[in-house]
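Please read this briefing alongside the sequence and the coordinates.

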Amino acid sequence: MTTLPAHALQLRGVWLRLGHEVILRGVDLDVAPGEGVTLLGENGAGKTTLLRLLASSLRPTRGEGRVMGFDLRDSRSVRDFVHLMPVDAGLYPDLTCAENLDFALRMHGQRGDVAAALGRVGLGPAAGRRGRFLSAGMRKRLALARASLLRRPVTLVDEPFANLDAAGRALVQELLGELRDGGVTLVVAAHEPALAQQVAPRTLTLAGGQLAEA
Ligand SMILES: Nc1ncnc2c1ncn2[C@@H]1O[C@H](COP(=O)(O)OP(=O)(O)OP(=O)(O)O)[C@@H](O)[C@H]1O
């Protein structure tokens, strides 16, 4: 039997500088496995930067952190547990919708029902369309299908409600809710607190480079 670490995410005194700008100033964070966190903050507050740090795409300038018990600097281990759904959807423009999902599954050595996942997000008829020909909302739906298929233990979601119509926003809530019901730890950066909090009730605000419980 595998035992879960006490914390899915943990940061201690994390500072992060990008270029001349100090984005994070001594951030502490403890997130329990399976917890859902909504991350709020004004434009430019550093939400995306914090998600990228938790995904091990950026290193702290100072301080330390762990993801599912692994040191943030151990990118290879951390990336086995984490999926970041970026704000721009992070898809391959020359691959079709189905190929994008197939590729993501293969990268993680996983199997999954790609056709069903596409159908779920309303992209069944667009399965053969290349990423570059999708609308912004369709790209978001495809990224959502990917996050849902991969079901990584820690799923970080950057502005999932942007560019979506009402049905799309409801779909985001439904699929992210299913991930949480399955025990996934969720961090959702959003400008729509009421929507995000329904699936990720604990709310943190990033301001002046520091995190505070809302
Ligand atoms: N690669 C980079 N080099 C230098 N500065 C950067 C870099 N990436 C982001 N920044 C700066 O970091 C700050 C935080 O940006 P970030 O994208 O994390 O904010 P955000 O809270 O996600 O904003 P938004 O709500 O607008 O998406 C901004 O001032 C931005 O200009």
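The model is predicted, and its protein chain has seven helices and 10 strands.

**Overall fold**

- A compact globule of 214 residues would have a radius of gyration near 17 Å, and the protein chain, with 17 Å, agrees with that expectation.
- Along its principal axes, the C-alpha trace of the protein chain spans about 50 × 40 × 35 Å, while buried residues account for 39% of the 214 residues.
- Of the contacts in the protein chain between residues at least 6 apart in sequence, 66% join residues that are at least 24 apart.

**The four-stranded sheet and helix 1**

- An open sheet of four strands, with antiparallel pairing, has the order 2-1-4-5; its edge strands, each pairing on one side only, are strand 2 (21-31) and strand 5 (70-71).
- Helix 1 (residues 47-54) packs on this sheet and touches strand 1 (9-18), strand 2 and strand 4, its direction making about 120° with that of strand 1.
- Strand 4 (residues 62-67) pairs with strand 5 in the antiparallel sense over two bridges, and Phe 70 in strand 5 is the bridge partner of Val 67.

**Helix 6 and its surroundings**

- Helix 6 (residues 166-181) has 16 residues and reaches 22 Å from its first C-alpha to its last, which is close to the 22 Å expected at 1.5 Å a residue.
- Leu 171, Val 172, Leu 176 and Leu 179 are buried in helix 6, and because they cover an arc of only 120° around the axis, they lie on the same side of helix 6.
- The cover over the buried residues of helix 6 includes helix 5 (136-150), strand 7 (154-158) and strand 8 (185-189), whereas the face of helix 6 turned away from its buried side carries the exposed residues Ala 166, Ala 167, Ala 170 and Asp 181.
- Just after helix 6, Gly 183 takes a positive phi of about 95°.

Technical notes:
Residues are numbered from 1 along each chain as its sequence is written. This is a predicted model: local features need pLDDT of at least 70, side-chain atom pairs count only at pLDDT 80 or more; totals for chains, interfaces and linings use all residues. Two strands pair if DSSP finds at least two bridges between them. Two residues are in contact if their C-beta atoms, placed from the backbone, lie within 7 Å. Axes are lines fitted to C-alpha atoms, for helices over the stretch in contact, and angles run from 0 to 180 degrees between N-to-C directions. The radius of gyration is taken over C-alpha atoms; the globule rule is 2.2 Å times the number of residues to the power 0.38. A residue is buried if 20 or more other C-beta atoms lie within 10 Å of its own, exposed if 12 or fewer, and partly exposed in between; C-beta atoms are placed from the backbone. The expected span of a helix is 1.5 Å times one less than its number of residues. The arc is that of the directions from the helix axis to the C-beta atoms.
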